[in-house]
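Please read the following report alongside the sequence and the coordinates of the model.

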Amino acid sequence: MAGGAFAPASGGKEYPGKFTGRVFLTCIFAATGGLIFGYDLGISGGVTSMDVFLKDFFPDVYRKESSVKPSDDQYCKFDSQILTLFTSSLYLAALVSSIGASIATRTYGRRPTMMASGVLFAAGAIVNGLAKNVVMLIVGRLLLGFGIGCANQSVPIYLSEVAPYKFRGAFNMMFQLFITIGILIANLLNYVLARWVGGDTAWRLSLGGAIVPGLIILLGSCFLSDSPNSEIERGNYEKAKDLLLKLRQVDNVDEEFNDLVEASEKAKLVKHAWLNIFKRKYRPQLVFAFCIPMFQQLTGMNVIVFYAPVLFKTIGFGSNASLFSSLITGIVNMLATFVSIFTVDKLGRRKLFLMGGTQMFICQIVITIAIAMKFGLSGNPGVISGTYAGAVVAFICIYVAGFAWSWGPLGWLVPSEIFPLEVRSAAQSINVSVNMIFTFVIAQIFTAMLCHLKFGLFICFAVCVVIMSIFIHRLLPETKGIPIEEMTTVWRSHPHWRKYFDEDDAKVETRPKDIVSA
Ligand code: BGC
């Protein structure tokens, strides 16, 4: 049996706590932080496929794209590093800001960091909506990036801390749900504006519209309290206990509260989280904080999210049909996320990772064959039938669904729940930074990859999906149903990772009776 299949049943603890309206609303408000990331992910691809936008800011790309005849090589018509820099610059900003945001989440709390994200994002939206030149576009995108860095740093941790541990998976995944809603709203807006409004107004409204999700997270976080863990981290014990009682809606939260205080006291001994996180005892989790976001991006999902309109245009769809097809993929992405929300705390993380991976792999192979047969190496497809186009869109949708119930939400859930409090913020910042670096790389090199690798593009991602699935199968312990401050037990009892722990590293010991096969 693979090493990863062993896990303590519940870390030995059973804290009381129900699925309450209060915790549900708290998580919904916080999860709206995913809207800003999603809106941005969805909006840039559509805007860069609008001819007026290209004419205004990237006239060379526009000239190149519009001079390509149907009989020419279609693979390379969008190949422009400046155009991709427009999309990808934001992720560099998010990377930088997530490091600052990690200090803010630890020092000032999760909630103020969420508020900052709303303000920065709204400011970026205004600059972009009023942009007169490429410099304004880039400055706006940097501000948006700072906002996203703050939100992605604070929201997943907040959700994992506030949720009762038995439902942590589902509540945390609301972040991903709002990411997909953000993408869908952006796709819809791009489609409606390009089709019925057109001209400069279309792209200005698309980019400026980002102010709405910015204000939503800002207002949403005004109604929130900070997480009990964060209050304890800053010494506000009474407030934390009060919060915990309200969130759990039970009369006695002493056991959970005492464990949070204990975790926090241990955390206080760690002065420099950034130096400590590289210690041997955090090595197992650190491997995942790096590999999970990296692999999430190497699934190739963002090729679809950013460039579906460009991809659909490349395979011969008209402008509106391309935006419409992206809309369909956006709907599938959102709906499929519910599958993981409803199953993650029952099936567990490992099964979803592996099932989603298999589904994505099969689709990537089919899409590669379909594109290879029609476009070959020359990139000249001849006449494309409706059946062919429909089949490609269908397989892209099944692939998107595979991502949406596996690597999408789990990519944010797992790194936010595996670290102890003392290094959690620093670890989340590594998670966000790695995610952003790889998002940047994919966004930046996609059009060049398409141009040079042609139909082989998807094969690269398919190989990555095989590698990441083996990695999960062999090395990821199951974390479902383990209280967050008890998580060390799963690493200490894992056949591969236990060698990284000394006996006195953690107070919490593995209990042999709790070891089960997941
Ligand atoms: C990823 C994004 C991706 C989105 C798609 C998120 O979890 O981090 O890069 O675009 O899912 O739904």
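This is a predicted model: local features need pLDDT of at least 70, side-chain atom pairs count only at pLDDT 80 or more; totals for chains, interfaces and linings use all residues.

Residues are numbered from 1 along each chain as its sequence is written, and side-chain values use heavy atoms, with hydrogens and water left out.

Helix α15 (residues 283-298) and helix α22 (residues 457-475), with helices taken as DSSP runs of H or I of at least four residues, pack at an angle of about 150° with their axes 9 Å apart, where the axes are lines fitted to C-alpha atoms over the stretch in contact and angles run from 0 to 180 degrees between N-to-C directions. The two helices are therefore roughly antiparallel, a term for angles over 145 degrees. In their contact (heavy atoms within 4.5 Å), Val287, Phe288, Cys291, Phe295 and Leu298 of α15 meet residues of α22 that include Phe461, Met468 and Phe471. The contact residues divide into 11 nonpolar, no polar and no charged, with Val, Leu, Ile, Met, Phe and Cys among the types counted as nonpolar.

Across the whole structure there are 21 aromatic pairs, that is, rings of Phe, Tyr and Trp (its six-membered ring) with centres within 6.5 Å. One of them joins phenylalanine 19 and phenylalanine 167 edge-to-face, at 5.4 Å centre to centre and 85° between the planes, the term requiring planes over 60 degrees apart. The pair ties together parts that are 148 residues apart in sequence, because phenylalanine 19 lies in the loop between β1 and α1 and phenylalanine 167 in the loop between α7 and α8.

Definitions and conventions. Angles under 35 degrees count as roughly parallel, over 145 as roughly antiparallel, 65 to 115 as roughly perpendicular and the rest as oblique. Rings of Phe, Tyr and Trp (its six-membered ring) pair if their centres lie within 6.5 Å; planes under 30 degrees apart count as stacked, over 60 as edge-to-face and the rest as tilted.
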